[in-house]
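Colleague: I would like to go through this model with you. Shall we start with the charged pairs and then turn to the packing?

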Amino acid sequence: MDIPHPRTVFDHAGGEAVEQAFLSALERGRLHHAWLLVGHEGIGKATFAYRAARRLLGAAPAPALGLLGSRPDDPVCRQMMAHAHPDLMVLQREGLDGKARRLIPVDEARALPEFFAKSPATAPYRVAIIDAADDLNANAANAVLKTLEEPPERGVVLLVSHAPGGLLPTIRSRCRRLRFPTPPIGAAVAWVMDRAGVEENDARRLLAMAQGAPGRAWRLATSGALEADDEARALLANLPKTDDMATSALAESFRHPAGGEKFNLFFNRLADNIHQMTCDAAREGEGRGGDRWVEAWEYVTALPRSVEAVNLDRADAFLSALGRLRAIA
């Protein structure tokens with residue numbers, strides 16, 4: 001099942017507190033020109049940004065869909081879903097072709113001041129969504145900062161950030177911050193079970209991988225994270241022995257054109273399991289070559305970036321990593 005883009009999501013359970021804070025500022029006529037939406041990835045920040053944008057752009061309220069709810073058939077909502085609203089600008093890694101880019105292009109960020117230099121065409125406000133501000137390089141961030149330093153009349157910028165500490169301090173200082181809390185585990189488990197179609201135990205595993213963020217847990221489920229986690233656990237449990245046939249098959253799967261995502265996911269799960277294994281051993285007073293396993297965790301964590309940076313063969317990198325792990329076990 002494909003995960004819908006936040007611009008097509010109209011229900012949003014659990015976000016009442018942040019929606020009330022935003023709505024109160026709007027209704028009092030004290031709406032800040034820039035809002036920094038912070039919290040774990042997959043917690044609903046981008047969904048909130050589109051819900052807020054619909055309200056600012058004039059979509060009729062739909063109370064049955066929450067405080068900032070709007071009907072999908074509202075003309076404003078239809079324009080937004082079609083990328084056709086003249087008063088909305090979205091900066092994101094995803095291109096118009098649906099493919100993800102490494103960063104938000106600086107040329108697109110530099111178009112922001114010009115966008116806000118114009119008055120709203122059809123709506124009460126002009127709105128920009130930056131999803132996510134963490135994906136701006138230094139030049140793109142400075143282009144955004146120029147807009148924040150000169151607040152546009154009837155303009156609002158909504159910046160999504162999973163790691164606000166990495167943003168320019170001058171960007172953070174010019175925004176009003178809305179923090180999105182991790183939902184209660186019971187509600188999150190039920191949500192993941194419903195959306196991802198998994199049993200309770202698997203929903204809990206996915207949420208643990210996603211640091212409690214339901215949206216990220218759903219994405220992990222669709223990307224094969226449970227299978228990758230099982231493979232990583234089995235590999236570590238059997239060390240220093242390995243199943244040669246299974247190992248060869250896994251290595252070859254990384255060589256496929258679409259093997260990059262699987263490679264990254266497998267090493268993410270491998271690193272997390274090594275970390276958990278090392279922490280468990282430390283609590284139980286078992287050495288298990290503590291320093292060597294910490295070094296192995298650092299190596300496994302950094303390997304996907306190294307492979308991508310210099311275009312290494314993923315299968316060879318996996319086999320090399322396996323050799324290092326066997327030597328430690």
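Colleague: How many salt bridges does a search of the whole structure find?

Modeller: Bear in mind that this is a predicted model. A search of the whole structure gives a total of 20.

Colleague: Which parts does the salt bridge between R205 and D229 tie together?

Modeller: The side chains of R205 and D229 meet at 2.9 Å, N to O. Both residues are buried. They lie 24 residues apart in sequence, so the pair ties together helix α9 (residues 200–209) and helix α11 (residues 225–238).

Colleague: D229 also forms a salt bridge with R269. Is R269 buried or exposed, and at what relative accessible area?

Modeller: The closest N and O atoms of D229 and R269 are 3.1 Å apart. This pair links helix α11 to helix α13 (residues 259–283), 40 residues apart. D229 is at 1% relative accessibility and counts as buried. The cut-off for buried is under 20%, so R269 is buried too, with a relative accessible area of 6%.

Colleague: How far apart in sequence are the parts that R255 and D313 tie together?

Modeller: The closest N and O atoms of R255 and D313 are 3.2 Å apart. R255 is partly exposed at 38% relative accessibility, and D313 is partly exposed at 31%. R255 lies in helix α12 and D313 in the loop between α14 and α15, so the parts tied together are separated in sequence by 58 residues.

Colleague: Now the packing. Which element supplies the largest share of the largest nonpolar core?

Modeller: That core has 35 residues, and F22 is among those that touch the most other members. Contributors of at least two residues each include α1, β1 and α3. The largest share is seven residues, and it comes from α2.

Colleague: Why is α2 described as largely enclosed by the rest of the structure?

Modeller: The buried residues of α2 include K45, R51, R54 and R55 as well as F48 and L56. α2 is largely enclosed because its buried residues number 12 of 12.

Terms used. Residues numbered from 1 in each chain as written. Predicted model: local features only at pLDDT ≥ 70, side-chain atom pairs only at ≥ 80, totals over all residues. Heavy atoms only, no water. Core = buried A, V, L, I, M, F, W, Y, C linked by side-chain atoms within 4.5 Å. Buried < 20%, exposed > 50% of the residue type's maximum accessible area, 1.4 Å probe, protein only. Helix = DSSP H or I, 4+ residues; strand = E, 2+ residues; numbered from the N terminus. Salt bridge = Lys/Arg side-chain N within 4 Å of Asp/Glu carboxyl O.
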